[in-house]
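Reader: Hi! Could you walk me through the aromatic rings in this one? I'd like to go through them step by step.

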Amino acid sequence: MNKVSPWIWLKKNLFSTWYNAVLTLISLLFIYWIGLAFIEWALTLAQWRVIEANLKLLFVGYYPQELLWLTWTTLGAIVGLGGFSWGILSSYSSLLKRKSLVILGIICAVFISVAFSVDRSNYILLSLPVILVAGYFLGKQLKRLFPELKSWLALIWLLSFFVLLWFLLEPIGIDRLSGLLLTISVALISILLCFPFGVLLALGRQSDLPAIRWLSVAYIEIIRGLPLIGILFMTQVMLPLVLPSNLQLSQVITAIAGFTLFTGAYVAENVRGGLQSIPRGQTEAAKALGLSPPFVIVLIILPQALRAVIPSLVGQFISLFKDTSLMAIVGLVDLLGISQSILANPKYLGRSAELYLFLGLIYWVCCYSMSIASRRLEK
Amino acid sequence: MTDYEIDTKKNKSKASEAIIIASNVNKWYDNNFHVLKGVDLTVYEREVVVIMGPSGSGKSTFIRTFNALEPYQKGSIEIDGIKLSDDLKNVDAIRREVGMVFQQFNLFPHLTVLKNVTLAPVWVRRWKKAKAEEIAMQLLEKVGILEQAHKYPSQLSGGQQQRVAIARALAMQPKIMLFDEPTSALDPEMVREVLDTMRTLANSGMTMVCVTHEVGFAREVADRVVLMDSGTIVEIATPEDFFNNPQEERTRQFLSQIL
């Protein structure tokens with residue numbers, strides 16, 4: 001395909017018949033018209049200052065000014081860990097390949113432009129590209145010493161997630177998070193909680209014990225029949241009624257509970273599909289070897305079932321990530337909430353197109369990187 | 001059917017003890033289909049019993065009751081002195097004594113050949129990983145798969161997969177091996193390598209119960225051949241008598257169809 005000259009490619013794919021040629025021309029006109037209008041707007045009418053001026057607010061929200069170094073350090077740790085994983089997972093000389101260099105270039109450009117508009121004098125932000133590359137070479141070196149390191153990577157990420165979360169939240173408490181920081185924290189915590197919850201529900205639905213089976217089925221079907229926003233309102237209002245009065249739950253915690261309860265039911269249905277795709281012979285062979293039922297599930301069934309449903313699970317997690325924007329409706333200041341408060345500022349009146357476009361870009365970057373990660377995971 | 005057992009006992013050169021005693025085993029499926037209608041069979045230590053019969057005769061179901069893969073409603077089964085009952089402890093104990101090889105191999109596709117073989121010894125017998133791997137390698141060498149130890153099952157041919165499945169069952173050091181049509185899912189040219197492995201195993205003195213259609217194997221290796229039809233045992237005899245001088249009309253009819 002790559003060897004074909006562009007003219008032949010064009011002729012074969014876009015102008016093969018007269019009606020294909022007409023369709024191509026109409027589409028081109030349409031794209032030209034839309035694109036021209038957009039570029040004209042973006043270059044003349046749009047005022048991108050609203051984003052540049054509020055970048056810090058969008059990212060870290062109302063995180064206290066004097067503690068901001070915590071967030072930058074966390075970002076640095078994540079970037080370093082990302083480079084480290086890259087170094088461990090990549091094959092030998094891939095940093096020098098053109099594709100990796102292009103990706104690295106884009107990442108560095110984004111880092112530096114963000115660093116310049118957020119805080120020019122911030123050493124951690126400015127040195128992010130260096131941290132990334134340093135992590136990469138550290139990963140390379142360590143891989144040579146400990147070839148087993150690859151299988152520990154998931155555990156390293158999980159542990160550092162908890163450590164960094166504690167590091168970020170300990171001084172201020174989860175309730176004072178806002179902006180992208182809140183969006184990402186809530187999404188990640190909910191994903192980590194709803195995954196095991198959903199797996200348990202799926203196993204419960206397959207259980208031989210009628211009580212457990214019917215409870216799981218009832219839970220899954222009820223939750224799947226309710227809208228997420230309703231569940232969020234319910235957890236905000238009803239959880240405090242059910243729990244003892246001296247236990248005051250923060251709004252963020254109840255939102256996380258809502259997302260977890262909701263997505264757990266969907267994860268359960270995805271996992272159930274995977275469980276049902278495993279032939280009965282697998283269970284029989286494992287039983288015949290003398291493995292007890294928990295071992296059969298943990299060692300034989302789940303690893304195969306989960307691998308089979310990675311794409312749909314990640315799809316579920318991506319939609320959970322986007323659904324966190326509903327937090328703005330129940331009164332939390334997530335990425336969307338903070339944009340609304342920026343737009344309420346008379347200084348930025350009428351700048352919603354620019355801001356929402358930028359929000360879309362952030363959501364897209366997050367979701368697209370999740371789907372790239374899932375494709376890597378499938379291999 | 002007990003009268004057959006009397007004359008087979010003298011066939012065994014060694015005075016050996018009964019290791020599987022199934023008596024009056026009855027099984028109904030959920031839809032009330034009576035699949036096993038009071039089956040009696042006694043298998044002695046170091047004996048090789050081949051069960052033949054048309055499809056749907058209940059022969060696979062019968063041997064799958066031995067390690068509790070199929071429950072039965074009436075009768076009793078005793079394996080190596082352990083009564084097979086609803087008691088989960090007994091089921092676990094019996095499954096540790098009984099290895100099984102399936103028609104569809106049923107290897108674990110997400111584990112390498114070596115991990116397939118070491119899984120049960122490590123998690124059920126609680127052996128150290130090094131010990132389990134050492135024994136697994138010996139077994140893989142015996143069945144001729146040593147070079148493939150670090151491949152995944154999908155990278156092997158059907159015959160190789162079935163030999164891995166035999167090694168996997170042997171790794172638990174069972175006293176009895178059950179074979180449920182081990183060559184039926186194989187291409188013809190791979191049947192022999194699996195039968196050779198089974199023959200070697202029989203010669204080493206393993207107690208074996210095989211459901212198979214391989215007449216050659218039954219003639220050469222079996223101590224007794226059993227014919228099952230519609231949930232009952234029709235005839236039990238030595239291979240010579242079974243193939244050359246069958247007593248029952250049903251056996252003659254069956255043999256005329258497969259020979």
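This is a predicted model: local features need pLDDT of at least 70, side-chain atom pairs count only at pLDDT 80 or more; totals for chains, interfaces and linings use all residues.

Reader: Good to know. How many aromatic pairs are there over all chains?

Author: A search of the whole structure turns up 17. One of them joins Trp18(A) and Tyr19(A) in an edge-to-face arrangement, with 5.6 Å centre to centre and 85° between the planes.

Reader: Is Trp18(A) buried or exposed? And what about Tyr19(A)?

Author: Trp18(A) counts as exposed because its relative accessibility is 68%, where the cut-off for exposed is over 50%. Tyr19(A) has a relative accessible area of 47%, so it is partly exposed.

Reader: Nice. Why is the pair of Phe30(A) and Trp33(A) called tilted?

Author: Their planes are at 50°, so the pair is tilted, and the ring centres are 6.0 Å apart. Edge-to-face would take over 60 degrees, and stacked under 30.

Reader: Where do those two sit in chain A?

Author: Both belong to helix H2, residues 18–45, and they are three residues apart, so about one helical turn separates them. Phe30(A) and Trp33(A) are each exposed.

Reader: Which residues form an aromatic cluster?

Author: Phe38(A), Trp41(A) and Trp48(A) make up one cluster.

Reader: Switching to charges: what sits over the ring of Trp127(B)?

Author: That's the charged end of Lys131(B), 4.3 Å from the ring centre.

Reader: And over Phe108(B), what sits there?

Author: There, the charged end of Arg168(B) lies over the ring, 4.5 Å from its centre.

How values were computed. Residues are numbered from 1 along each chain as its sequence is written. Chains are lettered from A and ligands numbered from 1 in the order in which they are written. Side-chain values use heavy atoms; hydrogens and water are left out. Rings of Phe, Tyr and Trp (its six-membered ring) pair if their centres lie within 6.5 Å; planes under 30 degrees apart count as stacked, over 60 as edge-to-face and the rest as tilted. Buried means under 20% relative accessible area, exposed over 50%, partly exposed in between (1.4 Å probe, protein chains only). Helices (H or I, at least four residues) and strands (E, at least two) are DSSP runs, numbered from the N terminus. A charge sits over a ring if NZ of Lys or CZ of Arg is within 6 Å of the ring centre and within 35 degrees of the ring normal.
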